[in-house]
Amino acid sequence: MRYESTDTARPLVTVLGASGFVGTAVVREFAAHPVRLRLVSRRPAAVPANAVAEAEVCTADLTRPGAIAAAVRGSDVVIQLVAYINGPSTWRVEEGDKAAERVNLGLVRELVAVLREQGRTTGPPPVVVFAGSLSQAGVPRSALLSDETPDEPVTVYDRQKLEAERELVAATEAGVLRGITLRLPTVYGAGVGPSTLERGVVAAMMRRALAGEPLTMWHDGTVARDLVCVDDVARAFAAAVDHADALAGRRWLIGSGEATRIGDLFHRIAAVVAARTGRPPVPVVSTASTQAGASDLFDVVCGSTAFGDLTGWSPRTDLATALEAAVRRFELERAG
């Protein structure tokens with residue numbers, strides 16, 4: 001990691017939401033670098049056994065008054081990953097849900113206010129890297145999302161994420177911080193870390209297949225997603241910090257550029273689980289659902305390479321290999 005602290009000590013990287021699915025992968029990535037890590041989350045975050053970084057574990061409810069200020073004090077870098085969890089997902093938010101708004105938008109507003117108040121007397125302002133979503137663009141106007149795609153979010157979650165992103169842009173322009181948003185695709189696990197943390201469509205279908213249950217789609221299976229392994233996403237956060245000056249003040253699309261149809265993905269999951277368990281593949285079926293939202297029914301695939309062109313980042317993990325590793329991990333945890 002090339003990021004330098006304004007202090008003589010190692011740079012202080014604070015990870016908010018360090019014990020979550022993406023958070024644990026980000027911690028693993030940053031722990032391999034000579035930095036100071038402050039890991040903040042509701043439950044204690046795990047520090048990798050072979051960590052090069054100096055790590056400090058803090059448990060806190062960041063929605064409580066004063067918690068953000070205490071968490072980020074003295075930070076050179078803040079990684080904002082705190083997610084509002086609603087059942088098996090983070091993106092299903094109803095209109096008027098104040099708890100979701102507090103997490104998705106309120107924490108960023110408070111973070112900006114705290115960093116403005118704390119200020120810095122020397123050196124550049126701190127870097128803030130925020131986890132956004134490719135779905136913030138709304139209904140795609142072309143097969144692939146690009147840097148020119150206008151933002152027309154259709155869900156409450158995406159509108160909150162977009163507003164938080166704009167708060168960081170304004171704070172960057174004001175010199176309070178150097179804000180970077182990474183708009184993430186569909187993120188899945190590769191087999192490292194507890195599967196109980198993993199949420200989203202891949203994890204949900206893996207659990208169903210292992211339980212012998214059908215894999216259900218709320219459409220005909222042709223809807224496509226861009227799938228990126230969580231470890232590759234963690235590397236993207238590290239790359240963002242390394243290139244903070246060049247990236248600050250903008251949002252960057254993260255993805256593989258490959259469109260994977262949900263039907264094809266579910267059949268691959270069923271086949272991988274069947275090969276592991278020796279049972280016939282579970283069926284993949286289409287079914288009507290009152291839970292399906294607008295964003296469930298259109299393609300979300302990244303077509304921009306701008307982030308990779310600037311930083312050198314690209315996904316490394318092959319989907320087939322990752323699914324095989326994931327099913328072994330899920331099965332072992334179910335057994336033990």
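Here are some worked exercises on the structure shown above.

This is a predicted model, in which local features need pLDDT of at least 70 and side-chain atom pairs count only at pLDDT 80 or more, while totals for chains, interfaces and linings use all residues. Residues are numbered from 1 along each chain as its sequence is written, and side-chain values use heavy atoms, with hydrogens and water left out.

**Exercise 1. Describe the largest nonpolar core and find which elements supply it.**

Step 1. Recall the term: a nonpolar core is a set of buried Ala, Val, Leu, Ile, Met, Phe, Trp, Tyr and Cys residues joined through side-chain atoms within 4.5 Å. In soluble globular proteins, nonpolar side chains tend to be buried together.

Step 2. Here the largest core has 41 residues, and V15, I79, L182, F237 and F307 have the most contacts inside it. At least two core residues come from each of β1 (12-16), α1 (21-31), β2 (36-41), β4 (77-80), β5 (127-133), β6 (178-184), α6 (230-242) and α7 (244-247). With nine residues, α6 gives the largest share.

Step 3. Look at V15. Beyond its neighbours within four places in sequence, V15 contacts V26, V27, L37, R38, L39, V40, I79 and L81.

Step 4. Then move to F237, which lies in α6 and is buried at 0% relative accessibility. Setting aside neighbours within four places in sequence, F237 is in contact with V22, V26, F30, I79, L81, V129, A131, L182 and L184. F237 and E29 are 208 residues apart along the chain, yet their C-alpha atoms are separated by 8.8 Å.

**Exercise 2. Why is α1 described as largely enclosed?**

Step 1. Count the burial: nine of the 11 residues of α1 are buried, so the helix is largely enclosed by the rest of the structure.

Step 2. Name them: the buried residues are F21, V22, G23, T24, A25, V26, V27, F30 and A31.

Step 3. Identify the cover, which includes β1, β2, β4, β7 (186-188) and α6.

**Exercise 3. Work out how β5 is covered and which strands pair with it.**

Step 1. Seven of the seven residues of β5 are buried.

Step 2. In a regular strand the side chains alternate between the two faces of the sheet. For β5, V127, V129, A131 and S133 lie on one side and V128, F130 and G132 on the other, and both faces are covered.

Step 3. Strands pair if DSSP finds at least two bridges between them. β4 and β5 are parallel, with four bridges, and V77 has V127 as its bridge partner.

Step 4. β5 and β6 also run parallel, joined by seven bridges; here V127 stands opposite R178.

**Exercise 4. Find the aromatic pair and the charge over a ring.**

Step 1. Rings of Phe, Tyr and Trp (its six-membered ring) pair if their centres lie within 6.5 Å; planes under 30 degrees apart are stacked, over 60 edge-to-face and the rest tilted. The structure has one such pair.

Step 2. F307 and W313 form this edge-to-face pair, 6.0 Å centre to centre with 65° between the planes. F307 is buried at 1% relative accessible area, and W313 is buried at 7%.

Step 3. A charge sits over a ring if NZ of Lys or CZ of Arg is within 6 Å of the ring centre and within 35 degrees of the ring normal. R250 lies over the face of W252, 4.0 Å from the ring centre.

Note on methods
Buried means under 20% relative accessible area, exposed over 50%, partly exposed in between (1.4 Å probe, protein chains only). Contact means heavy atoms within 4.5 Å.
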